[in-house]
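Let us walk through this structure step by step.

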Amino acid sequence: MTINHRNILLNPGPVTLSERVRQALLREDLCHREPEFAQLMLDIKSRLVSVYPEAVGNYEAIVLTGSGTCAVEAMLSSLISQSGKALIVTNGVYGERMAKMVKIHQKNLVVVTSSWEEPMNYDAVEQCLNQDSSFTHVVAVHHETTTGRLNDIAKLGEICRSRNVALLLDCVSSFGAENIKFSEWNLEACAATANKCLHGVPGLSFVLVKKSVFESRPTAASSLYLDLYGYHKQQLEGYSPFTQSVQVSYALQEALKELAEQGGWETRQNLYRNHSQTIQNRLALIGIETFLEPLSYSCVLKSYKLPLGYSYEYIHDYLKKSKFIIYAGQGGLEKKTFRIANMGNINNDDIEYLCLLLEKSFKRCQYD
Ligand SMILES: *Cc1c(COP(=O)(O)O)cnc(C)c1O
């Protein structure tokens, strides 16, 4: 087996870049007020919407300089009006973070919380919506990266569509690798980032917003910088109200070209699934179990139970010596679990080498 000489990031973003995307960072300097930049931005916007052909024509991509959280907060701040009301459904860190954001922006909200090990509470969502017709939005996370659970948005979306309540989704760790059904889910907007399943460089994030929203109601933003309407107005021509991250934009354009050439999100989903399944199977052979039911995971990331006598630090440091970076559990889960994501420019040889290292580091494992 050849030794790899590059860092392999198995954390949920940022990801291992392809050489092609890395090289794009070195293109010529460009002023963000010049037409060449506007062309670049218009191309990125069009490619982002085209990742899911269903979105073409009906949704507009708004590109922001900032990490995924920036896009999520801009979406919530701009689209939930002061007279509106949000039902926030949580089962992990990122859902809970959205509830905090909506509180900070002083919008009306009700939170339906489940433990991090559980699916979202769909019955409670239905009950809330049945009892109170003033809800304008349901807010949820598509892939809850805390545990790796792919939430059942088909179910949540059906609840939204049948009551004509708009859905706002955090798709930060699913966009580009999991299916998103815009009309079936009554999706008003979803937020995502350049540097997870799209394999770009960190620094740009974006929101896909239903075009009719901009035409039918004013902005609700309680922030100047995060006002999607302000960006939208100028980005129709490819410009932005504030300095954009030019080099990161070059890299995102290249990453989007690469995704399209490789066969789009479905091909990427298959690749992730294969890698993730290989890791799961090999860990199972040495007695390591998944934290959730195997079928509840996304293709992007799985969480595993730490076996008796092994700390996260030990396994992390062991793998890091061979340039593989895994990720700790979050919140209360850092002593109980570890996580392996498989986004980025990673191939079968990398996964095989990872599995050999995991086998060496863990030996034979058991739990209580
Ligand atoms: C990574 C992630 C975020 C936050 O992204 P940052 O780029 O760290 O700001 C938000 N939501 C989900 C589901 C994520 O996985």
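This is a predicted model. Start with the whole chain. Its secondary structure comes to twelve helices and 14 strands. The C-alpha atoms fill a box of roughly 60 × 55 × 30 Å along the principal axes. How does the radius of gyration of the chain agree with that of a compact globule? For 368 residues, such a globule would have a radius near 21 Å, and the chain has 21 Å, so the two agree.

Now look at how the chain is packed. Buried residues make up 58% of the 368 residues. Contacts tell a related story. Among contacts with a separation of 6 or more, 74% join residues 24 or more positions apart. The accessible surface comes to about 15,300 Å². Carbon and sulfur atoms hold 50% of that surface. Charges come next. The chain has 37 positive and 39 negative charges. Their mean positions are 3 Å apart.

In β5, His137, Val139 and Val141 point one way. Val138 and Ala140 point the other way. All of these residues are buried.

Which strands pair with β5? One is β3, residues 85–90, which pairs with β5 in the parallel sense over three bridges. Here Ile88 stands opposite Val139 of β5. Another is β8, residues 166–170, joined to β5 by five bridges. The β5 and β8 strands also run parallel. In this pairing Val138 stands opposite Leu167 of β8.

Next, find β14, residues 337–341. Five of its five residues are buried too, so this strand is largely enclosed by the rest of the structure. Both of its faces are covered. Thr337, Arg339 and Ala341 lie on one side, and Phe338 and Ile340 on the other.

The partners of β14 run antiparallel to it. Strands of a sheet pair through backbone hydrogen bonds, either parallel or antiparallel. Five bridges join β14 to β11, residues 301–305, in an antiparallel arrangement. Ser303 stands opposite Arg339 in β14. Ala328 has Phe338 of β14 as its bridge partner. Together these make an open sheet of three strands in the order β11-β14-β13. Its edge strands are β11 and β13, each pairing on one side only.

Move on to two helices. Helix α5 spans residues 122–131 and holds Gln131. Is Gln131 buried or exposed? Its relative accessible area is 68%, over the 50% cut-off, so Gln131 is exposed. Gln106 is 25 residues away along the chain, and the C-alpha atoms of Gln131 and Gln106 are separated by 22 Å. Helix α12, residues 348–362, holds Tyr353. Tyr353 has 13% relative accessibility, and therefore counts as buried.

Most residues other than glycine have a negative phi, and most peptide bonds are trans. Where does the chain depart from this pattern? Gly13 and Pro14 are joined by a cis peptide bond, with omega about -5°. Pro14 sits in the loop between β1 (8–9) and α1 (19–24).

His199 is not a glycine, yet its phi is positive, about 65°. This residue lies in the loop between β9 (187–193) and β10 (204–210). At 7% relative accessibility, His199 counts as buried. Lys323 is not a glycine either, and its phi is positive at about 75°. Its place is in the loop between α11 (312–320) and β12 (324–325). Lys323 has a relative accessible area of 31%, which makes Lys323 partly exposed.

Notes. Residues are numbered from 1 along each chain as its sequence is written. This is a predicted model: local features need pLDDT of at least 70, side-chain atom pairs count only at pLDDT 80 or more; totals for chains, interfaces and linings use all residues. Side-chain values use heavy atoms; hydrogens and water are left out. Helices (H or I, at least four residues) and strands (E, at least two) are DSSP runs, numbered from the N terminus. The radius of gyration is taken over C-alpha atoms; the globule rule is 2.2 Å times the number of residues to the power 0.38. Buried means under 20% relative accessible area, exposed over 50%, partly exposed in between (1.4 Å probe, protein chains only). Contact means heavy atoms within 4.5 Å. Accessible areas come from the Shrake-Rupley method with a 1.4 Å probe; for residues, only the protein chains shown count as cover. Lys and Arg count as positive and Asp and Glu as negative; His and the chain ends are not counted. The place of a charge is taken as NZ of Lys, CZ of Arg, CG of Asp or CD of Glu. Two strands pair if DSSP finds at least two bridges between them.
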